[in-house]
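Hi,

Here is the structure I promised to pass on. Have a look at it first, and my notes on what turned up follow below.

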Amino acid sequence: MGESYKIATIGSHSALQILKGAKDEGFQTIAVCKKDSVKPYKAFNVADEIILVDNFKDFPKIENELIKKNAIIIPHASFIAYTGVEAVEKLKVPYFGSKDILGHEANRDSQRDWLKKAGIKVPKIFESPKDIDRSVIVKFHGAKGGEGYLIDKSEQDFKEKIPPHKGKQYVIQEYLIGVPVFAHYFHSPLTGETELMGFDKRYESNVDSIGRISARDQLALTKVDPSYVIVGNLPLVVRESLLPAIMEMGERVVDQSKKLTKRGLFGPFCLEGVITPELEFYVFEISARIVAGTNLYIEGSPYTWLKYSEPMSTGRRIAREIKLAIRQGRLKDVVE
Amino acid sequence: MGESYKIATIGSHSALQILKGAKDEGFQTIAVCKKDSVKPYKAFNVADEIILVDNFKDFPKIENELIKKNAIIIPHASFIAYTGVEAVEKLKVPYFGSKDILGHEANRDSQRDWLKKAGIKVPKIFESPKDIDRSVIVKFHGAKGGEGYLIDKSEQDFKEKIPPHKGKQYVIQEYLIGVPVFAHYFHSPLTGETELMGFDKRYESNVDSIGRISARDQLALTKVDPSYVIVGNLPLVVRESLLPAIMEMGERVVDQSKKLTKRGLFGPFCLEGVITPELEFYVFEISARIVAGTNLYIEGSPYTWLKYSEPMSTGRRIAREIKLAIRQGRLKDVVE
Amino acid sequence: MGESYKIATIGSHSALQILKGAKDEGFQTIAVCKKDSVKPYKAFNVADEIILVDNFKDFPKIENELIKKNAIIIPHASFIAYTGVEAVEKLKVPYFGSKDILGHEANRDSQRDWLKKAGIKVPKIFESPKDIDRSVIVKFHGAKGGEGYLIDKSEQDFKEKIPPHKGKQYVIQEYLIGVPVFAHYFHSPLTGETELMGFDKRYESNVDSIGRISARDQLALTKVDPSYVIVGNLPLVVRESLLPAIMEMGERVVDQSKKLTKRGLFGPFCLEGVITPELEFYVFEISARIVAGTNLYIEGSPYTWLKYSEPMSTGRRIAREIKLAIRQGRLKDVVE
């Protein structure tokens with residue numbers, strides 16, 4: 001197709017589908033890799049070029065090289081985590097998506113405010129342990145992959161379990177018993193549409209295996225403490241009668257984001273929460289970019305197959321948006 | 001392809017794949033929607049025409065409009081639930097499938113009798129609480145999405161838990177500990193074949209998340225009562241050595257249905273149950289129509305990919321059957 | 001395509017995809033079936049020819065017939081189990097894969113030694129019950145589908161539970177609490193590459209349903225003993241940042257196998273274990289052939305879609321390897 005722009009990302013998280021999708025749309029691709037993680041990007045042949053760095057923190061150092069190569073960067077969670085929000089905001093290489101929204105997403109309070117103003121149900125937050133009047137989950141700031149969360153049912157319970165976590169910042173959140181659902185969206189500034197791309201649930205160690213131990217054995221074993229470290233993702237579809245509400249949730253989140261920043265949220269994003277027995281979708285978190293659950297759908301999800309007559313991963317959808325923007329002379333509407 | 005018939009259904013349950021499948025087979029499509037649920041059918045572009053109704057109970061009111069448009073109705077569980085079996089039986093608009101079988105399916109006793117005579121293993125039913133000699137599940141008639149089931153292990157246990165459900169009709173069923181499996185079939189009156197279309201398991205709130213709470217925490221929490229509200233579906237494949245028996249079960253169910261009604265069961269249906277550690281498939285229920293688990297396979301299941309050299313959802317398989325029937329001048333063999 | 005060789009296997013386990021894949025690569029196919037299991041192979045139209053046997057033990061009796069038909073046998077777990085390792089080693093009909101490796105795989109000690117020398121983490125084995133100092137799982141030799149495993153936390157516990165299993169050989173293995181992951185590979189002797197084909201987890205009865213019973217109900221029920229009988233498989237993808245290590249594990253297992261036998265391991269194989277909250281992949285077992293989890297990916301997995309621009313099941317990948325070997329005059333490099 002010969003687009004003169006190249007699509008680049010850091011080799012991790014969802015880079016395989018981002019680069020594969022870009023190639024499918026006719027772009028040349030660049031994977032920025034550490035030496036010890038280059039293997040998948042070579043083996044699956046998704047990168048026309050590989051740039052090696054010693055450390056992903058060095059990403060700004062290769063920025064000029066990427067600019068010379070006419071690259072557009074696609075961010076993902078590991079890209080943001082490794083490079084850092086501040087460094088990302090300073091990048092001069094074209095970047096797909098909105099940087100303004102990063103701050104609103106990174107801060108738990110402003111994220112929560114964003115969701116609530118968009119009419120999204122969120123779990124109750126307890127300001128103080130002494131307010132605990134139901135089951136709660138205590139989440140620690142900056143915990144990698146959800147490690148070390150606590151479940152408490154009272155102030156007493158909280159006080160007994162918190163000592164090993166001394167000094168950590170935490171949030172006490174209502175523990176909702178519902179099934180985990182991650183809803184993937186893509187908002188196009190070119191068409192104005194917010195597309196529903198698919199659903200997944202995370203596969204977390206060890207919490208997704210403790211149910212395989214009988215209650216008797218769990219109680220007998222020395223220690224069965226749930227942890228929430230993400231190991232992978234499982235595909236699912238959601239009851240069709242829930243789709244209208246779930247699609248509107250995505251649209252309202254985008255609408256509200258335009259009140260927060262000039263351009264608002266666009267590109268891929270994800271609402272992450274649980275659906276309760278009352279069929280209410282409570283959202284715990286928004287990811288303002290591509291999520292790893294979309295890796296399930298490299299050849300398309302049941303939902304993208306409905307809309308497109310060809311395989312459409314979220315990675316490919318990003319490349320398609322950039323391609324359309326270039327053709328319409330509107331590239332500045334999708335990159336910063 | 002220019003078939004002059006149009007395929008219509010109510011916008012819910014599995015309408016996306018039914019309409020997409022119909023379009024793939026060359027039919028024009030009609031979605032009958034309520035105003036607040038029209039979004040997916042527009043966004044995924046599966047409906048050539050949308051007819052709005054205030055309430056699905058009003059379906060018979062638009063019947064003449066559908067007849068004028070030369071529409072064939074495809075029923076699904078929500079269609080039957082919203083319109084009502086009696087109203088469905090009186091419909092004059094062409095209807096895919098057998099209406100005679102609806103009564104045999106709707107009544108628990110006659111359904112059970114049908115399955116048993118087809119040589120299908122079903123869980124034991126206890127006529128009276130005082131007969132309870134093992135773990136049982138108490139299911140309440142008309143409970144939406146499986147809400148409020150009880151698990152008991154004795155008459156005593158039953159008596160303690162039943163009071164909040166006073167006045168409800170119920171059935172006491174042996175509680176079999178095995179993994180849930182839903183087997184999707186399609187019986188073609190044109191070819192005489194009963195095709196195995198795929199498998200799923202339901203994703204139910206909250207029962208599919210309580211295993212993520214450690215036994216210790218479950219016992220400490222105020223209340224962890226399982227509920228069985230369907231939120232979605234998860235894909236799976238079944239051990240290949242079980243397929244011969246599972247395929248024969250589908251065939252026997254169809255054979256037996258022909259003894260119950262003139263035309264018997266045809267089109268899509270589903271056997272829903274558990275497979276025990278002894279590899280016995282106990283069936284709890286038969287759905288005599290398309291089930292929502294087939295929504296996973298909009299682009300085909302591992303099983304339909306074996307048989308067809310193109311994507312074949314259950315929705316598309318229905319449209320294919322109608323198309324073949326039209327071409328063979330046998331439309332009256334598949335619609336009523 | 002008119003290859004003069006035919007691809008044959010026993011009708012069970014993963015034969016559907018093996019035969020379908022062979023047909024997709026242009027081979028004629030033969031299914032060796034028992035009368036009562038022939039249905040899927042006919043219905044899904046994957047076998048150009050079906051040879052009926054009374055018992056799979058009789059496989060050697062039809063060997064000459066297969067040789068005359070110019071057949072190449074593709075082994076799978078049921079093929080090995082039914083025919084027996086010794087009988088397989090004596091077969092003269094061309095056999096895809098390495099027979100030398102079978103002995104190293106069949107013996108638990110030599111398999112463990114192989115994995116450890118390949119730098120794979122394996123669970124600790126306790127030589128004697130009195131060494132038990134943590135949670136352990138007791139596995140019985142030759143147990144079909146994982147039936148009857150025990151979980152113990154002490155010598156005392158072991159002694160209480162072992163009596164019903166008197167006379168059985170067993171192994172006492174550290175019980176690691178992590179999520180089950182099965183990694184599918186394919187090593188090509190022609191290209192020298194070890195390809196990552198996909199992932200699954202098993203769907204086991206009853207252990208994958210006991211988490212749906214609340215802890216309170218489990219303790220109240222007469223008896224909830226986990227069993228591990230394989231009923232099917234569920235698809236998943238693994239965190240992208242784990243792929244480099246997982247791909248290297250496959251390569252090291254192949255490298256080490258070449259020190260064990262002349263030709264080493266080639267074709268499909270699987271590393272089966274759990275990923276812990278520390279993101280360590282502990283391997284319990286290696287299967288030196290196609291595993292049933294690949295049945296999920298008859299139309300390709302997310303990983304094979306990255307590499308191939310067409311649907312590529314593991315069954316088809318085998319046929320592709322044979323086809324390439326024939327064209328390069330290197331058939332003897334992939335069959336024995």
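Let me start with a helix pair in chain C: H7(C) and H10(C) are oblique to each other (angles under 35 degrees count as roughly parallel, over 145 as roughly antiparallel, 65 to 115 as roughly perpendicular and the rest as oblique). Before the details, some housekeeping: this is a predicted model, in which local features need pLDDT of at least 70 and side-chain atom pairs count only at pLDDT 80 or more, while totals for chains, interfaces and linings use all residues. Residues are numbered from 1 along each chain as its sequence is written, chains are lettered from A and ligands numbered from 1 in the order in which they are written, and side-chain values use heavy atoms, with hydrogens and water left out.

**Helix packing**

Back to that pair. H7 of chain C covers residues 108-117 and H10 of chain C covers residues 243-260; they pack at about 125 degrees with their axes 8 Å apart. Helices here are DSSP runs of H or I with at least four residues, strands are runs of E with at least two, and both are numbered from the N terminus. Axes are lines fitted to C-alpha atoms, for helices over the stretch in contact, and angles run from 0 to 180 degrees between N-to-C directions. On the H7(C) side, Trp114(C), Leu115(C) and Lys117(C) meet Val253(C), Gln256(C), Ser257(C) and Leu260(C) of H10(C), where contact means heavy atoms within 4.5 Å. Sorted by class, that contact of H7(C) with H10(C) has 4 nonpolar, 2 polar and 1 charged residues. For the classes, Ala, Val, Leu, Ile, Met, Phe, Trp, Tyr, Cys and Pro count as nonpolar, Asp, Glu, Lys and Arg as charged, and the others, Gly among them, as polar.

Another pair in chain C is H1 (residues 15-24) with H12 (residues 314-327): their axes come within 7 Å and cross at roughly 45 degrees. That makes H1(C) oblique to H12(C), and their crossing is right-handed. Gln17(C), Ile18(C), Gly21(C), Ala22(C) and Asp24(C) of H1(C) meet Thr314(C), Gly315(C), Arg316(C) and Ala319(C) of H12(C). The class tally for H1(C) with H12(C) is 3 nonpolar, 4 polar and 2 charged residues.

Chain B has a pair of its own: H1 (residues 15-24) and H12 (residues 314-327) of chain B pack at about 45 degrees, axes 7 Å apart. So H1(B) is oblique to H12(B), and H1(B) passes H12(B) in a right-handed crossing.

**Aromatic pairs**

How many aromatic pairs does a search of the whole structure find over all chains? The count is 24 aromatic pairs, with rings of Phe, Tyr and Trp (its six-membered ring) pairing if their centres lie within 6.5 Å; planes under 30 degrees apart count as stacked, over 60 as edge-to-face and the rest as tilted.

One of them is Phe44(A) with Tyr303(C), a tilted pair at 6.2 Å centre to centre and 40 degrees between the planes. This pair crosses between chains, from the loop between H2 (39-43) and S3 (49-53) of chain A to H11 (residues 302-307) of chain C. Both Phe44(A) and Tyr303(C) are buried (under 20% relative accessible area, with exposed over 50% and partly exposed in between, using a 1.4 Å probe and protein chains only). Phe140(B) and Tyr170(B) make an edge-to-face pair, 6.5 Å centre to centre and 80 degrees between the planes. That pair links distant parts of chain B, with Phe140(B) in S6 (residues 136-140) and Tyr170(B) in S8 (residues 170-174), 30 residues apart. Phe140(B) is buried at 2% relative accessible area, whereas Tyr170(B) counts as partly exposed at 34%. Finally, Phe44(A), Phe199(C) and Tyr303(C) form one aromatic cluster.

**A few single residues**

Ser37(C) lies in the loop between S2 (28-34) and H2 (39-43) of chain C and counts as buried at 11% relative accessibility. Leaving aside neighbours within four places in sequence, Ser37(C) is in contact with Pro244(B) and Gly11(C).

Ile120(A) sits in the loop between H7 (108-117) and S5 (125-126) of chain A and is buried, at 5% relative accessible area.

Cheers

Methods
Left-handed = near helix turned anticlockwise from the far one by under 90°.
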